[in-house]
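Here's a quick, friendly tour for anyone meeting this structure for the first time. Have a look at it below, then read on.

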Amino acid sequence: ARAAVVAGRRVGGAVARNRARRLLREAWRSVGSRARQGCDVVLVARPAIAGARAPQVAEEVREVLIRAGCVEA
């Protein structure tokens with residue numbers, strides 16, 4: 001399984017965008033190992049990620065991937 005991480009200017013300045021990308025990459029590392037093969041994922045940072053902590057982001061990514069059918073519950 002592969003993932004791409006994107007954070008646009010709406011997320012904030014360069015520091016905020018880099019933090020958002022780091023959070024999403026870390027979430028993918030924790031969940032991506034359980035993803036189905038052949039599942040390509042694009043993780044897009046939204047402005048609400050600004051105050052989020054890593055465990056919150058990882059749980060949210062896991063829930064979204066379960067709904068998408070890329071990860072088993």
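## A patch on the surface

A quick word on terms: nonpolar residues can join a patch if they have over 30% relative accessible area and no salt bridge, with their side chains within 5 Å. Keep in mind, too, that this is a predicted model.

With that in hand, Val6, Val42 and Val44 make a nonpolar surface patch of about 240 Å². Val6 belongs to strand 1, which covers residues 2-7. Its relative accessibility is 40%, so Val6 counts as partly exposed.

Next up is helix 2, made of 15 residues, 54-68. From first C-alpha to last it reaches 21 Å, close to the 21 Å expected at 1.5 Å a residue.

Which residues of helix 2 are buried? They are Val57, Ala58, Val61 and Leu65. These residues cover an arc of only 100° around the axis, so they sit on the same side of helix 2. Over on the other side, Pro55 and Arg67 are exposed. As for what covers the buried residues, that includes helix 1 (14-31) and strand 2 (40-45).

## Two glycines to spot

Just after helix 2 comes Gly69, with a positive phi of about 85°.

Gly38 is found in the loop between helix 1 and strand 2. Is Gly38 buried or exposed? Its relative accessibility is 70%, so Gly38 counts as exposed. Gly38 and Cys70 are 32 residues apart along the chain, and their C-alpha atoms are separated by 9.0 Å.

How values were computed. Residues are numbered from 1 along each chain as its sequence is written. This is a predicted model: local features need pLDDT of at least 70, side-chain atom pairs count only at pLDDT 80 or more; totals for chains, interfaces and linings use all residues. Side-chain values use heavy atoms; hydrogens and water are left out. Patches are made of residues with over 30% relative accessible area and no salt bridge: like charges are joined within 9 Å, nonpolar side chains (Val, Leu, Ile, Met, Phe, Trp, Tyr) within 5 Å. Accessible areas come from the Shrake-Rupley method with a 1.4 Å probe; for residues, only the protein chains shown count as cover. A salt bridge is a side-chain nitrogen of Lys or Arg within 4 Å of a carboxyl oxygen of Asp or Glu. Helices (H or I, at least four residues) and strands (E, at least two) are DSSP runs, numbered from the N terminus. Buried means under 20% relative accessible area, exposed over 50%, partly exposed in between (1.4 Å probe, protein chains only). The expected span of a helix is 1.5 Å times one less than its number of residues. The arc is that of the directions from the helix axis to the C-beta atoms. Contact means heavy atoms within 4.5 Å.
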